[in-house]
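Let's take a walk through this model, starting with its aromatic rings and ending at a ligand. Have a look at the structure before reading on.

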Amino acid sequence: MNNFQYSRATDVADALSQIAADASAKFIAGGTNLIDLMKYDVEQPSRLIDISHLPLAKVEETTDGGLRIGALVPNSDLAWHPLVTERYPLLSSAILAGASAQLRNMASTGGNLLQRTRCFYFYDVATPCNKRDPGSGCSAKDGINRINAILGTSDACIATHPSDMCVALAALDAKVHVAGPNGERAIAMADFHRLPGDTPQRDTNLDPKEIITAIELPAQGFNTHYTYLKIRDRLSYAFALVSVAAALKMDNGTIRDARLALGGVAHKPWRNPEAEAALNGQPPTHDTFARAADVVLHEAMGFGHNTFKIDLARRVIIRALTQAANGTPQSQSDKKIA
Ligand SMILES: Cc1cc2nc3c(=O)[nH]c(=O)nc-3n(C[C@H](O)[C@H](O)[C@H](O)COP(=O)(O)OP(=O)(O)OC[C@H]3O[C@@H](n4cnc5c(N)ncnc54)[C@H](O)[C@@H]3O)c2cc1C
Ligand code: SF4
């Protein structure tokens with residue numbers, strides 16, 4: 001273990017001034033990812049700035065009918081918050097599909113957005129990894145890449161973003177509120193995480209000197225026709241091989257507004273506007289859903305061990321959309337689409 005300093009931030013301004021003063025300091029919230037990374041020697045912060053006592057743990061309604069979720073709201077509290085279970089059950093389902101109860105009690109909303117990839121080689125400091133050590137190479141491309149990406153990959157990196165919560169937030173068009181040395185700004189969820197390109201060391205468009213203060217959800221919660229479907233190697237305590245957040249606004253048997261986001265397949269929650277457009281105005285049939293899946297996956301590429309994910313993703317998209325259309329989020333039930 002490397003030596004590091006520890007200090008507790010008293011308010012957001014103090015957190016920002018402490019991080020500005022030390023380029024290799026890190027915020028710590030629940031610590032469920034950062035402490036592991038420090039134990040594996042992947043991260044070596046000179047200082048941990050404890051933000052866990054900042055007043056950012058409220059869930060509040062916004063004036064336009066949406067919800068503002070403080071960055072320090074624990075994942076468990078968010079998943080079971082009455083306003084979330086009632087109006088944004090897609091978000092509840094996604095959070096509850098992740099980790100374990102104990103981890104969700106510690107994990108914060110902000111930390112969940114910034115958790116790092118689970119690529120095996122990223123955690124193994126004896127192997128080359130461009131994300132951990134830029135320019136060293138990517139061990140996963142020709143290695144054990146069962147859990148790696150099939151969409152939006154680059155020569156430099158084929159890692160996935162491991163969060164479940166972020167997939168639902170992407171489908172729901174959330175915004176990330178941040179504060180930094182130049183004031184406050186909001187980043188659309190779609191622009192928050194990055195594709196690896198030739199800078200895989202950067203997961204997000206958050207500046208290292210900024211802090212996440214809140215997530216904002218718009219009023220539209222899709223609380224009738226939704227599904228979060230996560231396929232993984234074990235039923236619990238495992239990251240997604242493929243997950244799909246599907247949310248539909250239905251009107252007399254026609255899809256009026258479709259949202260489709262995938263997890264476990266790319267460096268960021270994956271949305272495809274053309275696939276959503278292909279669903280809008282259509283009846284909720286198997287053919288409609290299969291066409292949308294084809295649009296999402298037309299540029300998908302496997303690397304050997306993970307090539308099965310392309311077919312798996314197609315089937316998960318169709319099943320998730322079927323469940324959402326039927327209004328049976330947990331199973332396909334006995335209702336059948338055409
Ligand atoms: C065994 C295991 C299984 C898991 N399974 C799943 C799973 O199936 N699905 C899933 O989605 N997740 C899973 N997780 C991940 C877990 O959800 C994350 O570790 C957790 O959400 C991170 O939150 P945290 O508050 O503990 O973050 P921390 O570990 O405290 O911080 C993570 C990163 O975020 C930064 N940070 C934290 N808060 C802020 C902020 N407000 N502003 C700026 N920077 C900040 C820190 O500096 C650090 O870089 C699992 C974790 C473990 C250990
Ligand atoms: S996929 Fe990315 S994280 Fe994994 S070894 Fe390659 S560069 Fe590293």
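Rings of Phe, Tyr and Trp (its six-membered ring) count as a pair if their centres lie within 6.5 Å, and planes over 60 degrees apart make the pair edge-to-face. Keep in mind that this is a predicted model. Searching the whole structure with that rule turns up 2 aromatic pairs.

Take Tyr 40 and Tyr 123: this pair is edge-to-face, with 5.6 Å from centre to centre and 85 degrees between the planes. Tyr 40 sits in the loop between α2 (34-39) and β3 (47-50), while Tyr 123 belongs to helix α8 (residues 120-123), so the contact ties together parts that are 83 residues apart in sequence. Tyr 40 is partly exposed, at 47% relative accessible area, whereas Tyr 123 is buried, at 12%.

Tyr 123 also pairs with Phe 122, again edge-to-face, at 5.6 Å centre to centre and 85 degrees between the planes. Put together, Tyr 40, Phe 122 and Tyr 123 make up one aromatic cluster.

Now for the ligand. Ligand 2 has 14 residues around it, and the closest are Cys 119, Cys 129, Cys 138, Cys 157 and Ile 158. That shell splits into 10 nonpolar, 3 polar and 1 charged residue, and the space ligand 2 takes up is the largest cavity.

With those cysteines in view, how many disulfides are there? The count is 0. Cys 166, for one, is in no disulfide, because a disulfide needs sulfurs within 2.5 Å and its nearest cysteine sulfur, that of Cys 157, is 17 Å away. Cys 166 is buried at 0% relative accessibility, and Cys 157 is buried too, at 7%.

Technical notes
Residues numbered from 1 in each chain as written. Chains lettered and ligands numbered in written order. Predicted model: local features only at pLDDT ≥ 70, side-chain atom pairs only at ≥ 80, totals over all residues. Heavy atoms only, no water. Near = heavy atom within 4 Å. 1 Å grid on protein atoms, 1.4 Å probe; cavity = no way out; pocket = protein on both sides within 12 Å on 5 of 7 lines; lining within 4 Å. Sits in = over half its atoms within 2 Å of the grid points. Nonpolar A, V, L, I, M, F, W, Y, C, P; charged D, E, K, R; others polar. Buried < 20%, exposed > 50% of the residue type's maximum accessible area, 1.4 Å probe, protein only. Phe/Tyr/Trp six-rings, centres within 6.5 Å; stacked < 30°, edge-to-face > 60°. Helix = DSSP H or I, 4+ residues; strand = E, 2+ residues; numbered from the N terminus.
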